[in-house]
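Please open the structure in a viewer and keep the selection panel at hand.

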Amino acid sequence: MAETQLLFRKAEVPEHVPPENVIDFDLFAQPSADTDFFEYWKRLQAPGVPDFVWTPCNGGHWIATRGEDIHTIYADHDRFSSRNILLPAERNEAIRVLPTSLDPPEHRPFRSLINHALSPKVVRGLEPSIRELTVSLIEGFRQRGHCEFASEFAELLPISLFLKMVNLPVEDRLKLKALSEQVNRPDGSMTPEEVNQGFYDYLMPVLLERRANPGDDIFSQFLAGSIDGRPMTDAEAFELCMQVLIAGLDTVVSVLGFLMMFLARNAEHRQLLVDDPARIPPAVKEFLRRFPLVAIPRTVIHDMEFQGVRFKEGDLILVPTMLHGLDDRAYQCPLEVDFERRIGIHSTFGAGVHRCPGSLLARAELRIFLEEWLSRIPRFDIEPGRTPKVLYGIVGTVVDLPLVWQV
Ligand code: HEM
């Protein structure tokens with residue numbers, strides 16, 4: 001399946017992996033431009049593909065291909081550890097982030113600080129700023145009749161908002177975005193050590209300054225927080241803030257890109273939302289089921305048999321959230337977008353103790369964006385002759401989406 005040159009080493013197939021489970025799947029491959037991102041992942045659910053496959057790419061790892069197992073593995077930290085959240089495994093030695101790479105009980109105190117910083121009350125308080133920023137960005141290009149959606153909107157809304165929450169200058173977004181990209185979609189231009197150093201050189205002076213002169217931003221709140229009764233160390237503060245930055249800079253951006261690519265190509269769905277904005281909140285739920293884009297690994301804690309498959313201690317299992325919402329065992333016609341659909345369980349935000357603490361903020365951004373965009377630019381298309389550009393990796397994303405409309 002890999003259609004580009006491999007960035008990382010291929011592994012030998014271990015003895016405990018049956019040959020019929022082996023498949024060549026590279027998480028970081030970049031298929032041709034006309035490939036649909038979700039259909040590419042769904043090849044792992046084609047008839048005859050086992051529920052767990054093993055690929056030699058990226059150091060060698062399993063992939064869970066079915067929704068129910070994906071949800072179980074995310075939620076079961078007793079059997080599936082978060083100690084490696086990047087592939088290949090050796091990248092985790094250079095890039096360590098908190099609390100995502102911790103299992104309970106160590107995970108808990110860091111997570112409660114994040115929960116507090118992204119609580120429902122905080123998100124409600126942010127809604128006016130989200131709306132104001134959304135409107136000003138759209139009005140900046142509406143009269144022009146075209147925009148490159150990824151760089152002129154999708155990257156600006158969540159990133160500017162997030163940088164405001166952590167009180168960092170919005171001009172720094174390109175530098176931080178470039179570093180985050182090397183974590184989620186490495187292209188070989190930087191080593192993991194260089195990426196970590198880049199974050200360290202940027203963040204550490206900021207954090208030391210905030211320790212000395214705390215503000216009311218999220219980073220200052222983290223630094224003032226207690227970890228089981230003791231202050232957080234500088235190293236922990238760095239790893240925690242780096243995680244929140246990476247998660248906040250690279251996810252809503254990506255969902256926005258995929259859902260706008262869909263709405264540009266599907267006038268009927270778009271018209272339903274234009275005619276009846278009350279449909280927007282259920283539509284956001286459906287978009288989150290339909291456009292999941294994160295794939296994170298877990299590490300098997302001890303030898304075991306799970307769903308008839310023999311796993312060895314230390315085996316890595318990639319757990320793609322895409323393959324839950326899009327699993328036809330969980331949803332009928334899962335590739336169809338249906339705003340009337342009853343949405344059950346999916347794993348777009350993960351599950352269990354690591355379930356995304358930014359989900360409320362993400363939903364608010366998507367809802368407000370649709371309300372403001374569709375009331376201002378109700379009809380739009382992808383520029384004729386252009387193909388949007390999508391990147392694959394731990395987080396899939398749209399980097400070039402040229403849109404046009406009549407003014
Ligand atoms: C639609 C947008 C988003 C998606 C699809 C998404 C997805 C996810 C997923 C799947 C996880 C689980 C990772 C795991 O179990 O290893 C996660 C964790 C996390 N997310 Fe999000 N996320 C989104 C938006 C955000 C935003 C806006 C923020 C912050 C402002 C955020 C902050 C975090 C953090 C800090 C974690 C780690 C939590 C932990 O380890 O306990 N996310 N996210």
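The stops below cover loops, a helix and a helix pair.

This is a predicted model, in which local features need pLDDT of at least 70, side-chain atom pairs count only at pLDDT 80 or more, and totals for chains, interfaces and linings use all residues. Residues are numbered from 1 along each chain as its sequence is written. Helices (H or I, at least four residues) and strands (E, at least two) are DSSP runs, numbered from the N terminus.

**Loops**

Select Asn58, in the loop between β1 (52-55) and β2 (61-64). Its phi is near 55°, a positive value in a residue other than glycine. Asn58 is buried, with 25 other C-beta atoms within 10 Å. A residue is buried if 20 or more other C-beta atoms lie within 10 Å of its own, exposed if 12 or fewer, and partly exposed in between, with C-beta atoms placed from the backbone.

Next, select Leu87 and Pro88, which are joined by a cis peptide bond with omega about -10°. Pro88 sits in the loop between β3 (80-81) and α3 (91-94).

Continue to Pro104 and Pro105, where a cis peptide bond has omega about 5°. Here Pro105 belongs to the loop between α3 and α4 (107-117).

Then select Asn167, in the loop between α7 and α8 (173-184). Asn167 has a phi near 55°, again positive in a residue other than glycine. Asn167 is partly exposed, with 14 other C-beta atoms within 10 Å.

**Helix α5**

Select residues 120-141, the 22 residues of α5. From first C-alpha to last the helix reaches 32 Å, close to the 32 Å expected at 1.5 Å a residue (1.5 Å times one less than the number of residues). Centre on Leu126, where a kink of about 35° lies shortly before the proline Pro128; the bend is the angle between axes fitted to the seven residues ending there and the seven starting there.

Which residues of α5 are buried? They are Leu126, Ile130, Leu133, Thr134 and Leu137. These buried residues pack against α6 (149-154), α7 (156-165) and α16 (359-376), contact being C-beta atoms, placed from the backbone, within 7 Å.

**Helices α9 and α11**

Finally, select α9 (residues 192-212) with α11 (residues 234-249), whose axes come within 10 Å and cross at roughly 115°. Axes are lines fitted to C-alpha atoms, for helices over the stretch in contact, and angles run from 0 to 180 degrees between N-to-C directions. Display Phe199, Tyr200, Leu203, Met204 and Leu207 of α9, which meet Asp234, Ala237, Phe238, Cys241 and Met242 of α11.

Conventions
Two residues are in contact if their C-beta atoms, placed from the backbone, lie within 7 Å.
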